[in-house]
Amino acid sequence: MGSKQSFPKSQNIAKEIKIFGTNTCPYCVNAKNMFQDMGAQFEFINTRDNPQKRDELSKQYNWDTIPMIFVDGKFYGGYTDTKQKILSGELKI
Ligand SMILES: N[C@@H](CCC(=O)N[C@@H](CS)C(=O)NCC(=O)O)C(=O)O
């Protein structure tokens, strides 16, 4: 009751949302749920199928955890950072 975070509905601003993560990582699940709640389309790339890609992105963006979230080609961080940017209005979806 009242504990569920609510997110702004997608305004169809973002053209491409990509989440790199796994199905078992709780923050990855949170990220998926957030975009689903917003009614936004996203692509989920399972890093377990492609660990090399995860390593490559981790090095490139100096980011050790999953999920790694990209909107229109720009890296926004993990779930916590992306959520904050969405809630503050800095990132419009
Ligand atoms: N603040 C980060 C936390 C992410 C996080 O702790 N992810 C865990 C999995 S849910 C992780 O990557 N652990 C290390 C690993 O799996 O290599 C976020 O919100 O995305």
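A: Happy to; we'll go from the overall fold to the sheet, the ligand shell and a few single residues. Keep in mind that this is a predicted model.

Q: Got it. What secondary structure does the chain have?
A: There are three helices and four strands in the chain. Reading from the N terminus, the order of elements is β-α-β-α-β-β-α.

Q: And how compact is the chain?
A: It is as compact as a globular protein of its length, because its radius of gyration is 13 Å, close to the 12 Å that the globule rule gives for 93 residues. The C-alpha trace spans about 35 × 30 × 20 Å along its principal axes.

Q: What share of the residues is buried?
A: Buried residues are 25% of the 93 in the chain. As for contacts with a separation of 6 or more, 63% of them link residues 24 or more positions apart.

Q: Let's talk about the sheet. In what order do the strands sit?
A: The order is β2-β1-β3-β4, in an open sheet with mixed pairing. β2 (43–46) and β4 are the edge strands, each pairing on one side only. On average, neighbouring strands are turned by 25 degrees against each other, ignoring direction.

Q: Which helix packs on the sheet and touches β1, β2 and β3?
A: That's α1, and its direction makes about 160 degrees with that of β1 (17–21).

Q: How do β3 and β4 run, parallel or antiparallel?
A: Antiparallel: three bridges join β3 (residues 68–71) to β4 (residues 74–77). Across the pair, I69 stands opposite G77, and V71 stands opposite K74.

Q: Which other residues have a positive phi, although they are not glycine?
A: N12 is one of them, with a phi of about 55 degrees. N62 is another, also with a positive phi of about 55 degrees. For background, most residues other than glycine have a negative phi.

Q: Where are N12 and N62 found?
A: N12 is in the segment before β1, while N62 is in the loop between α2 and β3. N12 has 11 C-beta neighbours inside 10 Å, so it counts as exposed. N62 has 7 such neighbours, so it counts as exposed too.

Q: You mentioned α2. How many of its residues are buried?
A: One of its eleven residues is buried, so to speak of cover, α2 (residues 51–61) is hardly covered. N62 follows this helix.

Q: Switching topic: which residues are around the ligand?
A: They are C25, P26, Y27, T65, I66, P67, G78, Y79 and T80. The elements that give two or more residues to this shell are α1 (26–38) and α3 (79–88).

Q: How many of the shell residues are nonpolar, polar or charged?
A: Six are nonpolar, three are polar and none is charged.

Q: What is the peptide bond from I66 to P67 like, cis or trans?
A: Cis, with omega near 5 degrees. In general, most peptide bonds are trans. P67 itself lies in the loop between α2 and β3.

Q: And Y79 from that shell: buried or exposed?
A: Y79 counts as buried because it has 25 C-beta neighbours inside 10 Å. Y79 lies in helix α3.

Q: What does Y79 touch?
A: Leaving out residues up to four places away in sequence, Y79 touches Y27, N30, A31 and P67. Y79 and M38 are 41 residues apart in sequence, and their C-alpha atoms are 14 Å apart.

Q: Last one: where is L91?
A: L91 sits in the segment after α3. With 19 C-beta neighbours inside 10 Å, L91 counts as partly exposed.

Q: Which residues does L91 touch?
A: Not counting residues up to four places away in sequence, L91 touches V71, Y76, T82, K85 and I86. L91 and I17 are 74 residues apart in sequence and 12 Å apart in space, C-alpha to C-alpha.

Note on methods. Residues are numbered from 1 along each chain as its sequence is written. This is a predicted model: local features need pLDDT of at least 70, side-chain atom pairs count only at pLDDT 80 or more; totals for chains, interfaces and linings use all residues. The radius of gyration is taken over C-alpha atoms; the globule rule is 2.2 Å times the number of residues to the power 0.38. A residue is buried if 20 or more other C-beta atoms lie within 10 Å of its own, exposed if 12 or fewer, and partly exposed in between; C-beta atoms are placed from the backbone. Two residues are in contact if their C-beta atoms, placed from the backbone, lie within 7 Å. Two strands pair if DSSP finds at least two bridges between them. A residue is near a molecule or strand if its C-beta atom, placed from the backbone, lies within 6 Å of it. Ala, Val, Leu, Ile, Met, Phe, Trp, Tyr, Cys and Pro count as nonpolar, Asp, Glu, Lys and Arg as charged, and the others, Gly among them, as polar. Axes are lines fitted to C-alpha atoms, for helices over the stretch in contact, and angles run from 0 to 180 degrees between N-to-C directions.
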